[in-house]
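I opened this notebook to record what I looked up, entry by entry. The structure is displayed below.

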Amino acid sequence: MTKVLMFPVDRCRNEIDRIARNLNSLNGEAANRYWKLEMRVLAERWKACGFSDDEIAHKVILLTTAVQLALCDMWGESSVAAED
């Protein structure tokens with residue numbers, strides 16, 4: 001069986017920034033729905049590539065952390081700009 005090696009999703013800046021920007025523009029249930037849809041699409045893609053449920057769960061955790069850090073960076077920049 002062929003093993004697929006993918007670039008780590010938690011290091012894909014464009015993907016992380018895209019998700020963070022979209023989440024930043026949403027609130028409450030709309031943000032929850034968006035996040036769940038993004039994770040479902042990625043999980044289906046990873047499953048089709050042959051990743052196990054445990055590997056997928058690990059990738060989701062890594063991506064979640066990366067997106068949260070990107071959001072913190074965005075909020076930090078906007079709060080600094082607001083103070084000026």
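Over the face of which residue does lysine 59 lie, at 5.8 Å from the ring centre? I found that this residue is tryptophan 46. I note at the outset that the model is predicted.

**Entry 1: lysine 59**

I located lysine 59 in helix α3, which covers residues 53-83. Is lysine 59 buried or exposed? Its relative accessible area is 15%, and the cut-off for buried is under 20%, so I recorded lysine 59 as buried. I then listed what lysine 59 touches, leaving aside residues up to four places away in sequence: Val9, Trp46 and Phe51.

**Entry 2: the chain as a whole**

I counted three helices and zero strands in the protein chain. Along the sequence, I read the pattern as α-α-α. The protein chain has 84 residues, of which 24% count as buried. I also looked up how far apart in sequence the contacting residues are. Among contacts with a separation of 6 or more, 61% join residues 24 or more positions apart.

**Entry 3: helix α2**

I checked the length of helix α2, residues 28-48. Its 21 residues, at 1.5 Å a residue, should span 30 Å, and I found the end C-alpha atoms 31 Å apart, which agrees.

Which residues of α2 are buried? I listed Ala31, Tyr34, Trp35, Glu38, Met39, Leu42 and Trp46. These residues lie on the same side of α2, because they cover an arc of only 125° around the axis. I recall the general rule here: an α-helix has 3.6 residues a turn, so residues three or four places apart point the same way. On the face of α2 turned away from the buried side, I noted the exposed residues Arg33, Lys36, Glu44 and Ala48. After α2 comes glycine 50, for which I recorded a positive phi, near 100°.

**Entry 4: cysteines and aromatic pairs**

How many disulfides does the structure hold? I found zero. Finally, I searched for aromatic pairs, taking ring centres within 6.5 Å as the cut-off, and the count came to zero.

Notes. Residues numbered from 1 in each chain as written. Predicted model: local features only at pLDDT ≥ 70, side-chain atom pairs only at ≥ 80, totals over all residues. Heavy atoms only, no water. Phe/Tyr/Trp six-rings, centres within 6.5 Å; stacked < 30°, edge-to-face > 60°. Lys NZ or Arg CZ within 6 Å of the ring centre and 35° of its normal. Helix = DSSP H or I, 4+ residues; strand = E, 2+ residues; numbered from the N terminus. Buried < 20%, exposed > 50% of the residue type's maximum accessible area, 1.4 Å probe, protein only. Contact = heavy atoms within 4.5 Å. Disulfide = S-S within 2.5 Å. Expected span 1.5 Å × (residues − 1). Arc of directions from axis to C-beta.
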